[in-house]
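Reader: I've got a new model open on my screen and I'd like to learn how to read it. Could you walk me through it?

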Amino acid sequence: MTQRPFRQVDVFTGVPYRGNPLAVVLDGAGLSDEAMQRFAHWTNLSETTFVLPPTQPTADYRVRIFTPGGELPFAGHPTLGTCHAWLEAGGTPRASAGGTIVQECEVGLVTLRRDGARLAFGAPPLKRSAPSPVLLAQVARALGLRAQQVQAAQLLDNGPVWLGLLLDHPQTVLELRPDHAALKHLGVKVGVAAPNGDRGAASMARTCASEDLEVRAFAAPIGVPEDPVTGSLNASLAQWLIADGHLPPCYVAAQGACLGRAGRVHIERDEAGQVWVGGETVTCIAGSVELA
């Protein structure tokens, strides 16, 4: 067994234990896939990451991301949390003068930037399509939704694949009691969201000052019935909902209330059309772990 530096970071919050926790092994060199998966299953967190030397010349580090049930090509809160832990442990970005960090993961290179007290990642390219009516009806039934409560739906793919549902009211989102066994059987991860308040022309011009969107994420197929705060889902929701005029180019999403959390995801689409997904991060545990 080898002692390896370790952090447990809370993501999308500046207050410890109010966001989404992430386990970060800062030296994953030499670990087998099986060892990584076994440790991720043991932590029982929604994600555990392992930092490795980059293979791409422009990357600052490489990361592998595991849920209790398998590996992900990309995920948002592990991207922010791993970057936080890497910087805190003394990592120095190659492009330090520009204030950006480049993470290598299975989906490719992901750029991060420092945004005041927050870190933000550039959302990867999104592929989206309309779900089949059969799948939509099955998922609605598993969530206990009536057809008229679903305002819009899209299959969203930015590495992870989510079925995104835009619902009629934030209270509808908060009152859902999903059948997680049914969602696991369907093999689909589902993200639900609803805007808070009026989204008319006046509100579209507002700055990012309050919680504009209520979000929940159900991921039973990968062993996570409900994820507290989800970066990949919020990234793809933002790309979809901003493009289709449901939300302004700058807003804040709230997630985690039903799990006793208070996650806040800061969204901004810049003039070039790039969507940035940001949040505060805080270290809760620092030390080492023994892994073979």
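This is a predicted model: local features need pLDDT of at least 70, side-chain atom pairs count only at pLDDT 80 or more; totals for chains, interfaces and linings use all residues.

Reader: Okay. Where is Glu226 found, and does it count as buried or exposed?

Author: Glu226 is found in strand 14. The cut-off for buried is under 20% relative accessible area. Glu226 counts as buried because its relative accessibility is 16%.

Reader: And which residues is Glu226 in contact with, leaving aside its neighbours within four places in sequence?

Author: Arg216 turns up again, along with Ala217, Phe218, Cys258 and Leu259.

Reader: Now pockets. How do I read one?

Author: Here's the general idea: rolling a probe the size of a water molecule over the atoms shows where empty space is left. In this model, the largest pocket has a volume of about 190 Å³.

Reader: Which residues lie nearest the centre of the largest pocket?

Author: Those are Asn44, Leu45, Ser46, Val224 and Glu226, out of 14 lining residues. Two elements, strand 2 (20–25) and strand 14 (224–227), each give two or more residues to that lining. Strand 14 gives the most, with four residues.

Reader: What kinds of residues make up the lining of the largest pocket?

Author: Seven are nonpolar, four are polar and three are charged.

Reader: How should I read a record's annotation? Where does UniProt place the "active site" feature?

Author: Take it as a label from the record, then look at the surroundings yourself. UniProt, in an unreviewed entry, places "active site" at Glu47. Glu47 lies in the loop between helix 1 (33–43) and strand 3 (48–52).

Reader: Is Glu47 buried or exposed, and what does its side chain make a polar contact with?

Author: Glu47 is buried, because its relative accessible area is 7%. Its side chain makes a polar contact with the side chain of Ser46, at 3.1 Å. Not counting residues up to four places away in sequence, Glu47 also touches a set that includes Pro21, Phe66, Leu72 and His77.

Reader: One last example, please. What about Val275: which strand is its place in?

Author: Val275 is in strand 17, residues 275–279. Val275 is buried, since its relative accessible area is 4%. Beyond residues up to four places away in sequence, Val275 touches Phe121, Gly122, Ala123, Ala238, Gln239, Ile267, Glu268 and Arg269.

How values were computed. Residues are numbered from 1 along each chain as its sequence is written. Side-chain values use heavy atoms; hydrogens and water are left out. UniProt positions are given in the numbering used here, feature names are shortened, and annotations may be inferred rather than shown by experiment. Buried means under 20% relative accessible area, exposed over 50%, partly exposed in between (1.4 Å probe, protein chains only). Contact means heavy atoms within 4.5 Å. A polar contact is a pair of N or O atoms within 3.5 Å; within protein, one must be able to donate a hydrogen and the other to accept it, and residues adjacent in sequence count only if both atoms are side-chain atoms. On a 1 Å grid over the protein atoms alone, a cavity is a set of points where a 1.4 Å probe fits but cannot get out, and a pocket is an open set with protein on both sides within 12 Å along at least five of seven lines; lining residues have an atom within 4 Å of a point. Grid points are joined across faces, edges and corners, and a volume is the space filled by probe spheres set on the points. Ala, Val, Leu, Ile, Met, Phe, Trp, Tyr, Cys and Pro count as nonpolar, Asp, Glu, Lys and Arg as charged, and the others, Gly among them, as polar.
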